[in-house]
Amino acid sequence: MHSIKPLPNIKDLSLDALREKFAGMGLPRYRADQVFQGLYRRGIEHFDEMTDLSVELRERLTSSFATVSLNCVEVFHSEDGTVKAVLQAHDAARIEAVLIPEPERTTLCVSTQVGCPLECDFCATGKMGFVRNLTTAEIVDQVFRMRALLDGERQITNLVFMGMGEPLLNLPNVIEALRIFLDPKGFAYGPRRITISTSGVVPKIRELLDAAPVNLAVSLHATTDEVRDVLVPLNRRFPLALLLGELRALMRQELVSKRHPVFFEYTLLADVNDSEADAHRLLQLLRGIPSKINVIPVNPHAGSIYRPPSEDAIHRFMGVLARARMPVTLRRSRGADIAAACGQLAQQKIHSQKDSPKTVKQAAQAADATIDTHEVCEK
Ligand code: SAH
Ligand code: SF4
């Protein structure tokens, strides 16, 4: 296990911020670039392994910065290849991250908060309450900890901010992490390999897209304010007209376009939002907005009153959209057997150091899940 020190973490800093920090320490700019590339291009997490630096500088950096903010404490393997890990911060707060390997790509589902304050009615994270925002280093470290769990040559090719928390309520740290993910001297991800999902924090969407041209996903889930007010309580502050109006305004500035459509997530809940009338209303609402719709039959979890619709109902709902030539895909849940599917991430509340933490196993069992393989992470 990595040791964690109470020093400022170097992974909190984008390249510009690191250059500034190094300048303050009397170190030249190229040193910042060298260390940044060492961290993210070469994946070296300990200064003493950066052998292109003098021993003196390595020692100075070691006593000035922490490099690790999360330890991996438990790993779960699903029958379908999905891997969920529990990652623990220095204050014992725990989050979950999920790897989804597919033939052509490997996606990492990233968390941005411990818990979530928005309390969406069908979401396990929303039910656990809000603990705190993740730091930039904790967002970035999810890639380090999770790629260590991949087989052989596999790399994480795509990042989706669809884990625990609402990214736009932690925007400064999310943007700084995006700078590290996108920087050619950092992880060098293409911006279209990164998707940020929001439940609709309207005033922050523009700020995000201005700072980083990543894909935007919006969790819509309903076609009337009446229903959305219940499913996504944030709708009471930012109702549908305001949300969709802002997306139309973003189109005028080409932050949303045919080439860069909005991905709408629509979690289907039996007898709540799954009628053909809903599908027709959805088409009306999105008229003129370049859109792709991702339909997700709800993943049940303990304490949730919602159930997924029948295959027939899913088919009918999607049929209405497809006939109108709306691009629509069905997201079948992955990792449901290890409670790693959308909205099932809610392993724990805060644990004080003394508490014996409730294990993921218990959480997963509470979610009516069976665990396939469970191991303690040794990396
Ligand atoms: N807070 C952000 C991102 C995390 S949630 C957001 O809400 O967009 C990622 C996606 O999973 C969201 O679309 C969310 O609505 C969906 N989701 C939450 N709980 C779910 C559940 N039980 N079944 C299916 N999808 C769920
Ligand atoms: Fe938070 Fe997203 Fe869950 Fe809503 S769906 S409670 S915004 S994590």
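Guide: H221 is buried, with a relative accessible area of 5%; buried means under 20%, exposed over 50% and partly exposed in between, with a 1.4 Å probe and protein chains only. The model is predicted, so local features need pLDDT of at least 70 and side-chain atom pairs pLDDT 80 or more, while totals for chains, interfaces and linings use all residues. Residues are numbered from 1 along each chain as written, chains are lettered from A and ligands numbered from 1 in the order written, and side-chain values use heavy atoms, without hydrogens and water.

H221 lies in the loop that links β9 (215-219) to α8 (225-231); helices (H or I, at least four residues) and strands (E, at least two) are DSSP runs numbered from the N terminus. Although H221 is not a glycine, its phi is positive, at about 70 degrees. H221 also belongs, with F122, S197, S219 and N299, to the residues that come nearest to ligand 1 among the 19 around it, where a residue is near if one of its heavy atoms lies within 4 Å.

A polar side-chain atom of S197 is 2.6 Å from an oxygen atom of ligand 1. A backbone N or O atom of G165 stands 2.9 Å from a nitrogen atom of the ligand, and a polar backbone atom of F122 is likewise 2.9 Å from a nitrogen atom of ligand 1. The protein covers 96% of the 530 Å² of accessible area that ligand 1 has on its own, areas being computed by the Shrake-Rupley method with a 1.4 Å probe.

Ligand 1 sits in the largest cavity. A cavity is a set of points, on a 1 Å grid over the protein atoms alone, where a 1.4 Å probe fits but cannot get out; a molecule sits in it if more than half of its atoms lie within 2 Å of its grid points. Strands β8 (194-198) and β10 (262-268) each supply at least two residues of the shell around the ligand.

Strand β9 holds L216, which counts as buried at 3% relative accessibility. Beyond its neighbours within four places in sequence, L216 is in contact (heavy atoms within 4.5 Å) with residues including I196, T198, V262 and F263. L216 and V262 are 46 residues apart along the chain, yet their C-alpha atoms are separated by 5.6 Å.

N158, in strand β7 (residues 158-161), is buried with a relative accessible area of 9%. N158 touches R105, T106, T107, L108 and R193, residues up to four places away in sequence not being counted.

For the whole protein, there are 12 helices and 13 strands, and 56% of the 379 residues count as buried. Among contacts between residues at least 6 apart in sequence, 67% join residues at least 24 apart. The accessible surface comes to about 16,700 Å², of which 50% belongs to carbon and sulfur atoms.

Technical notes. A polar contact is a pair of N or O atoms within 3.5 Å; within protein, one must be able to donate a hydrogen and the other to accept it, and residues adjacent in sequence count only if both atoms are side-chain atoms. On a 1 Å grid over the protein atoms alone, a cavity is a set of points where a 1.4 Å probe fits but cannot get out, and a pocket is an open set with protein on both sides within 12 Å along at least five of seven lines; lining residues have an atom within 4 Å of a point.
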